[in-house]
Amino acid sequence: MPDKRKHRGAHPDDESNFNETKLPDLRKAVRDLSWLLSKNYNEASSLKLVGDRYRLNLRQQMAIRRSCCTHESLKHRLSIQKDAALLENSDVFVDGFNTLITIESFYSGACLFLGMDGCIRDLASIHGSYKKVMETPEALSQICSFLWALKPRSVTWYFDAPVSNSGRVKTLLKEISPDTTVELVPDADKQLILSKGIIVTTDGPLLDKMTAWYNLNSDLIYSLSNAFDLKLLNLKTSEI
């Protein structure tokens, strides 16, 4: 069946899944799952255990999984995080779909989640097929404007070539920001790991392999939040 979505907005059940009454249990679930993973318990079984304990459905479980991280990962991510001022005269490499989809989700009014590491993440996924939505041009424009205002030496975006429509996104991005380098590669994660510069991504496993990263999504979304309805659920907890 063709993908007919025009927005990357909220799921119909998100209002009930992620309202304020659910917040205490969701935060506890993030705390418990982070603790279990820190003790090297199996991820799948840990997620099921925590999900069962707090009676979380699959979408809620996805939110807590994307929001949690181990103590070791948290320490590493915070130690290599760079402030916006440090992007000046630096080479910046952007995890294309990871960054774009979260900003599309923000513009679409989707529910977003603040995780343990301070990253804002969404629940969208592409599964090998990307579909442009109405918010795509504005999301790309805002990301590029925000990044270039920080005066980096260069900005390179990597998109996974095997993902359908990646070529169309490249063309659109080059039209919006001609000075931006856009590359279609077999494996964007691998290319980002090899890159020498500051990485823009919120992909947890990828952050654990980085030596320098910038939390663009959070800075950009917070800068725009006064003009848009930000649906952000804070799942960050100081306990692990």
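In these legends, a residue is called buried when its relative accessible area is under 20%, exposed when it is over 50%, and partly exposed in between (1.4 Å probe, protein chains only). The structure is a predicted model, in which local features need pLDDT of at least 70 and side-chain atom pairs count only at pLDDT 80 or more, while totals for chains, interfaces and linings use all residues. Residues are numbered from 1 along each chain as its sequence is written, and side-chain values use heavy atoms, with hydrogens and water left out.

**View A. Two loop residues with positive phi.** Lys151 is placed in the loop between α7 and β4; helices (H or I, at least four residues) and strands (E, at least two) are DSSP runs, numbered from the N terminus. Although Lys151 is not a glycine, its phi is positive, at about 60°. Lys151 has a relative accessible area of 53% and is therefore exposed. Asn89 lies in the loop between α5 (71-80) and β1. Its phi is about 65°, again positive in a residue that is not a glycine. With 55% relative accessibility, Asn89 counts as exposed.

**View B. The largest nonpolar core.** A nonpolar core is a set of buried Ala, Val, Leu, Ile, Met, Phe, Trp, Tyr and Cys residues joined through side-chain atoms within 4.5 Å. The largest one has 36 residues, of which Phe97, Tyr130, Leu147 and Trp157 touch the most other members. Elements that each supply at least two residues include β1 (91-95), α7 (136-149) and β4 (154-160). Helix α6 gives the most, with 6 residues. Apart from this core lies another, of 23 residues, among them Phe18, Leu37, Tyr54 and Leu74.

**View C. The surroundings of Phe97.** Leaving aside residues up to four places away in sequence, Phe97 touches Ile126, Tyr130, Phe159, Asp160, Val163, Ser166 and Val169, where contact means heavy atoms within 4.5 Å. At 5% relative accessibility, Phe97 counts as buried.

**View D. Aromatic rings.** Rings of Phe, Tyr and Trp (its six-membered ring) pair if their centres lie within 6.5 Å; planes under 30 degrees apart count as stacked, over 60 as edge-to-face and the rest as tilted. By this rule there are 7 aromatic pairs. Phe97 and Phe159 are edge-to-face, at 4.9 Å centre to centre with 70° between the planes. This pair links distant parts of the chain, helix α6 and strand β4, 62 residues apart. Phe159 is buried, with a relative accessible area of 0%. Trp157 and Phe159 are stacked, at 5.8 Å and 20°. Phe97, Tyr130, Trp157 and Phe159 form one aromatic cluster.
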